[in-house]
Amino acid sequence: MNASNPSSSAAGAGSADSTAPRRNSKRPKYSRFTQQELPACKPILTPKWVIGTFLLVSVIFIPIGVVSLFASRDVVEIVDRYETDCIPEPSRNDKVGFIQSNQSKTCQRTLRVPKNMKQPIYVYYQLDNFYQNHRRYVKSRSDQQLRNNGSLQETDACKPEDTTPDRAPIVPCGLIAWSLFNDTYDFTRNDQPLNVNKRGISWKSDREHKFGKDVFPRNFQNGTLKGGATLNPNIPLSEQENLIVWMRTAALPTFRKLYGKIEVDLQRDELINVTLQNNYNTYSFSGKKKLVLSTTSWLGGKNDFVGIAYLTVGGLCFFLALVFLLIYLIKPRQLGDPSYLSWNRNPSGH
């Protein structure tokens, strides 16, 4: 039977041959797997490191704070608040009515020099409670119009001070330019005029890149309601630096803007007479106005905040260093034994 059925015998022989080679019967021999050893995280800050770091910060910050504070204290300032004193007594119950009337706004002020003031002496006007950072106020301008004479019609962002009733463009347009500060100050000393230089008071980059030399004021402050100062239509915007200074809006509601520079020395106890034109309306929003004369130091104007901040941080670090030092000396913390760490007990990774 088996001889007459070769197919069956072949199949049987094939199935019975256990020693025949099979596909994929050889398995690759893998090398023994060993865990990669990397440096483990180890404690970095010991008490000595913490104390040393705080002491280092205090040693650096405290001297900087002292030097900054002395530099600020060397600045001589004269600050004169005048928005109430420059309103006549009978009109102080209706300040807004007075400032909007045609009455004379001339006001005489006398300033006493507290210390010797070396030139240049910077003249600022300071406004309080004036929010130049309001979103709608900041957006009410056209930078394209200010730069380029061919963009006079670019007034879409300037509403409501964009065009005249007959649709002629206002240059410069917008609420920022319209509300240009218009109080003026004239100084005399010993009955002699004290000149105030109003050139070079703005940023050079603003004069050269943000305000065009071929852009002249047009239709500016021609409406029935004037917001502030007028501009000379025969002088390009790049040379009207009072406008350029004003157009760089302030970030805080209390700010100072440069009015000019007095380029002579002032001696201690000298009297400076100021003829002031109190034109700017801050009375509608309870704003304050101040005239400021100030010298400068290598740190800039008078600013105690920088020195106080450095002293505060340095003093706090010194205090913490002393606290940690006392704790370390009185009751030191027992550090752990690194020999019990897993990678030290079993370095081979088994």
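## A charge over a ring

The charged end of R248 sits over the ring of W203, 3.7 Å from the ring's centre. This is a feature of a predicted model. A second contact of this kind involves K105. Its charged end lies over the ring of F98, with 5.3 Å to the centre.

## Two annotated spans

UniProt, in an unreviewed entry, places the feature "transmembrane region" at residues 49-71 and 308-330. What is the helix content of residues 49-71? The chain there is 100% helix and 0% strand. The end C-alpha atoms of that span are 33 Å apart.

Residues 308-330 are likewise 100% helix and 0% strand. Their end C-alpha atoms lie 33 Å apart.

A pair of aromatic rings is described by the distance of the centres and the angle of the planes.

F54 has 22% relative accessibility and counts as partly exposed, because the buried class ends under 20%. F324, at 35%, also counts as partly exposed.

Y122 and Y124 make another ring pair. Their centres are 6.4 Å apart and their planes stand at 35°, so this pair is tilted. Are these two residues buried or exposed? Both Y122 and Y124 are buried.

The count of aromatic pairs comes to 15. Ring pairs also link a cluster. Its members are Y125, F130, Y137, F181, W246, F255, Y280 and F285.

## The four-stranded sheet

What is the strand order of the open sheet? The order is β1-β8-β3-β6, and the pairing is antiparallel. The sheet has 4 strands. Its edge strands are β1 (77-81) and β6, each pairing on one side only. Neighbouring strands are turned by 20° against each other on average, direction ignored.

Strand β3 covers residues 121-128. Strands β3 and β6 pair in the antiparallel sense over 7 bridges. Two positions show how the strands face each other. Q126 stands opposite R256 in β6. I121 stands opposite I262 in β6.

## A leucine in a loop

L225 lies in the loop between α7 (204-210) and α8 (241-247). Is L225 buried or exposed? It has 60% relative accessibility and counts as exposed, because exposed means over 50%.

W178 is 47 residues from L225 along the chain. The C-alpha atoms of L225 and W178 are separated by 9.9 Å.

Terms used: Residues are numbered from 1 along each chain as its sequence is written. This is a predicted model: local features need pLDDT of at least 70, side-chain atom pairs count only at pLDDT 80 or more; totals for chains, interfaces and linings use all residues. Side-chain values use heavy atoms; hydrogens and water are left out. UniProt positions are given in the numbering used here, feature names are shortened, and annotations may be inferred rather than shown by experiment. Two strands pair if DSSP finds at least two bridges between them. Axes are lines fitted to C-alpha atoms, for helices over the stretch in contact, and angles run from 0 to 180 degrees between N-to-C directions. Rings of Phe, Tyr and Trp (its six-membered ring) pair if their centres lie within 6.5 Å; planes under 30 degrees apart count as stacked, over 60 as edge-to-face and the rest as tilted. Buried means under 20% relative accessible area, exposed over 50%, partly exposed in between (1.4 Å probe, protein chains only). A charge sits over a ring if NZ of Lys or CZ of Arg is within 6 Å of the ring centre and within 35 degrees of the ring normal.
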